[in-house]
Amino acid sequence: MSTVGIATGAGGGVGEACARRLADRVDVLLLADRDEAAAARVAKGLSGYGKRAVVEPIGVDVTDPGDLARLARRAGGAGALRAVAHAESVAREEGDWRRIIEVDLVGTVLLAEALRPLAGAGTAFVYCASVSPLIARIEPDPTVAAVLDEPVDDGLLDRIRDAIGPAVEDPAWAYPWATYGVQRFARAEAVRLGPLGARVCSVSPGAIDTPQTRMEAERHESVRRLILSTPLGRTGRYEEVAAVAAFLLSDEASFVSGVDLVVDGGLCAAMSDE
C-alpha cells in the first residue's frame, strides 16, 4: 500500500521546509495550507526532480471541520498515513487572541481528531509549538489545565479566557498559552495513540529567522535581547526546525513519543540560569 504524508502550513516557512523533507519519504504528499495557491507553488517546485512522492496541494483551514474531513478522506483514499508535520499557525501580529488560540491550539486538536481514525502502526505526528511557554514560565493551576484539556466546542475560547483572565487577550500572551496547549495536547495524544503503534511529539522552535521575527526585533527590545541571549549567537532557520521534525517522523525515532523537543540554539538553557 502507498504511504501518505501531510504537511500543514506548507505554503511557506517551517511547513514548506517540512514538506521538502517528507517528499523523499512517502509515496503521496499532501500540502495543506489556507492559501492553496501558495501550497500549489510549493507542490510545483517539489514535483519531479527525483522526488519520490506525488505531491498534491489542498486548501485547508484547520479550524474548519469540513476542510479537515476532506483532507482526511483524501489521505485515507491515497494509502496508509505515515507522517504528519503540522506547522499551520498564526503569528501574534496576524490575529487577535481568539484567532491565535483558534488556529494554533484548537486547529491542532481538530486536525488530530480528523486524522486519528487513519493512525496505525508506524504513523507519526509532529505538532509545531514554541519555546514561548518556557520563556514565559507558564505553569497553569489545575483549573486552567482542566480547561485546556476539555473537548473542543463553541464555548472553549470563552472558558479559556475566564480561566486565565484578561491577560490572555493580549496576543503576546495568547500565543504562549496556545502553544503550551499544543505541547500538553501532544503528550495526551501520544498516550491515546500509543496502543495503535502510532507516535506523537511536538517541536518548539526558539527565535527563527522569519519576517515576523525580524520585524519584532526592530520594534521590541525584549525580542532583541532574546536573540542576543541565544548561546549560539544567531536565529535559527526553517530547515533546522524541519530537520528535527523529520527525525521525529522517521523510523529512527521509533521509540520517541509524547515529548517536546526544543530547537532554540540553547536559549531556554541560558534563561534557566537567570
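Student: Let's start with Y127: buried or exposed?

Tutor: Y127 is buried, at a relative accessible area of 0%. Buried means under 20%, exposed over 50%, and partly exposed in between, with a 1.4 Å probe and protein chains only. Bear in mind that this is a predicted model, where local features need pLDDT of at least 70, side-chain atom pairs count only at pLDDT 80 or more, and totals for chains, interfaces and linings use all residues. Residues are numbered from 1 along each chain as its sequence is written, and side-chain values use heavy atoms, leaving out hydrogens and water.

Student: OK, and which ring in helix α8 does Y127 pair with?

Tutor: F185, in a tilted pair with 6.0 Å centre to centre and 40° between the planes. Rings of Phe, Tyr and Trp (its six-membered ring) pair if their centres lie within 6.5 Å; under 30 degrees between planes is stacked, over 60 edge-to-face, the rest tilted. Y127 sits in strand β5 (residues 124–128) and F185 in helix α8 (residues 171–193), 58 residues apart. Helices (H or I, at least four residues) and strands (E, at least two) are DSSP runs, numbered from the N terminus.

Student: Why does F185 count as buried?

Tutor: Because its relative accessibility is 11%.

Student: Which residues make up the aromatic cluster?

Tutor: F125, Y127 and F185 form one cluster.

Student: Switching to the core: which residues have the most contacts inside the largest one?

Tutor: I101 and F125, in a nonpolar core of 51 residues. Such a core is a set of buried Ala, Val, Leu, Ile, Met, Phe, Trp, Tyr and Cys residues joined through side-chain atoms within 4.5 Å. Helix α4 (residues 97–115) gives the largest share, 11 residues.
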